[in-house]
Amino acid sequence: MTVGEAIRGHFPVFRDKVYVNSCSQGALSDSVRAAYEQYLAGWDEHGSEWEHWVERSEAARAAFAALVGARPDDVAVQTSVSAAVSALVSALSFDGSRNRIVISESEFPTIGQIAHAQELRGAEVVHVEAHADDYADAVDERTALVCATFVSYRTGAVHDVESIYGVAREHGALMLVDGYQGLGALPLEAARAGDVVVGGTVKYLLASAGLAFMACRPGLVAELVPTQTGWFADENVFDMQIERYRPHASARRFDAGTPPVPNIYAGLAGLSLIAEAGVTEIQAHVRSLVERLLAGLDDVGASVAAAPEGPLVCVRSTDAPALVAALGSQSIVTSERDSNLRVSLHLYNTEDDVDAVLAALARHRELLA
Ligand SMILES: Cc1ncc(COP(=O)(O)O)c(C=O)c1O
């Protein structure tokens with residue numbers, strides 16, 4: 001299956017809507033719906049399918065690993081990015097001379113809030129702009145953790161995480177990359193991006209809430225002992241003992257409770273749509289749509305919050321909620337953050353979608369900043 005018109009028919013939302021809101025939630029495909037039904041059918045038929053469900057969780061681990069070029073043993077299966085990051089920081093101590101967490105102004109709230117929660121454990125949080133130079137000014141031998149975001153959910157800017165990783169490494173700090181807003185639409189190689197890369201299936205990975213992952217640099221897991229844990233993180237989940245804490249040798253030590261089985265079924269279906277289409281092909285397709293959109297925005301006199309090198313274009317507005325509502329009344333689904341209209345393009349979008357957005361914006365010029 002390829003991109004654009006070829007795949008669109010598998011996403012029923014396009015029957016009635018111009019859907020350009022993958023930054024918020026990927027569209028539902030017939031295969032993701034079928035995956036949920038398969039989970040229910042198996043549950044009906046067998047009562048419990050624990051072995052198969054655990055095998056599906058391992059399949060998700062492998063699919064996430066393939067997405068970012070990691071080894072499955074370095075990948076933890078999580079229920080959200082928040083759970084993943086909380087598990088990660090639970091393995092760090094902030095009571096010595098390395099007690100700083102450096103985060104950028106582009107982080108998603110969950111990263112900022114988890115970082116500030118570590119103040120209760122002795123951490124000091126330093127905020128910087130999202131450029132590598134700003135990180136370079138702030139990161140030093142006092143830095144325990146550097147947090148960077150791949151694509152800003154607020155502006156669509158793609159950050160140079162590889163250079164930021166260089167800064168973190170130079171000072172011996174651990175680097176965490178939140179890849180959520182790019183994964184599935186842009187390539188991201190974990191080894192080049194950071195020590196730990198997190199993401200989830202809700203957006204460009206085309207599935208629903210309740211499934212995320214955390215990919216660790218080879219060798220890192222052995223250095224980190226999470227205190228946020230659970231029985232699926234044990235070295236032997238079938239041991240069923242309550243006498244000790246012995247975390248798994250692999251990144252499974254960051255898994256916690258019962259795997260989110262229904263979401264894993266859906267996530268695997270979404271991830272395989274992305275793998276079949278190919279991230280590089282998706283990136284090229286999205287790029288051509290973004291360029292068409294940018295040219296048209298110029299024509300209607302709209303300006304963007306940041307030069308979009310990824311799938312998300314943020315258009316400045318005088319009243320973004322009103323603009324989202326105006327487009328919504330014409331069956332165009334978008335979202336807004338920070339006075340910007342968010343238009344995000346993905347493998348199923350076409351030039352017609354872009355033209356529909358542009359025509360609607362031309363009708364609502366008064367709402368463009
Ligand atoms: C960049 C980014 N990080 C994290 C999240 C949310 O993570 P969680 O899985 O904890 O809800 C989002 C969701 O919108 C996001 O855009």
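This is a predicted model: local features need pLDDT of at least 70, side-chain atom pairs count only at pLDDT 80 or more; totals for chains, interfaces and linings use all residues.
Residues are numbered from 1 along each chain as its sequence is written, and side-chain values use heavy atoms, with hydrogens and water left out.

**View 1. The residues around the ligand.** Ser80, Val81, Ser82, Phe108, Asp178, Tyr180, Gln181 and Lys203 surround the ligand, a residue being near a molecule if one of its heavy atoms lies within 4 Å of it. This shell divides into 3 nonpolar, 3 polar and 2 charged residues, where Ala, Val, Leu, Ile, Met, Phe, Trp, Tyr, Cys and Pro count as nonpolar, Asp, Glu, Lys and Arg as charged, and the others, Gly among them, as polar.

View 2. A polar side-chain atom of Ser82 lies 2.5 Å from an oxygen atom of the ligand, and a polar backbone atom of Val81 is 2.8 Å from an oxygen atom of the ligand. In the side chain of Gln181, an N or O atom is 2.9 Å from an oxygen atom of the ligand. Taken alone the ligand exposes 400 Å², of which the protein buries 82%, with accessible areas coming from the Shrake-Rupley method with a 1.4 Å probe.

**View 3. The sheet of 7 strands.** The strands of this open sheet follow the order β2-β8-β7-β6-β5-β3-β4, with mixed pairing; strands are DSSP runs of E of at least two residues, and helices are runs of H or I of at least four, numbered from the N terminus. Two strands pair if DSSP finds at least two bridges between them. Because β2 (75–78) and β4 (124–128) each have a single partner strand, one side of each is left without a neighbour in the sheet. Strand β2 pairs with β8 (residues 212–216) in the antiparallel sense over 4 bridges, and Val75 stands opposite Ala215 in β8.

**View 4. The sheet of 3 strands.** This open sheet has the order β9-β12-β11, with antiparallel pairing, and its edge strands, β9 (312–316) and β11 (335–337), each pair on one side only. Strand β11 and strand β12 (residues 340–344) pair in the antiparallel sense over 3 bridges, and Glu336 stands opposite Leu341 in β12.

Note on methods:
A polar contact is a pair of N or O atoms within 3.5 Å; within protein, one must be able to donate a hydrogen and the other to accept it, and residues adjacent in sequence count only if both atoms are side-chain atoms.
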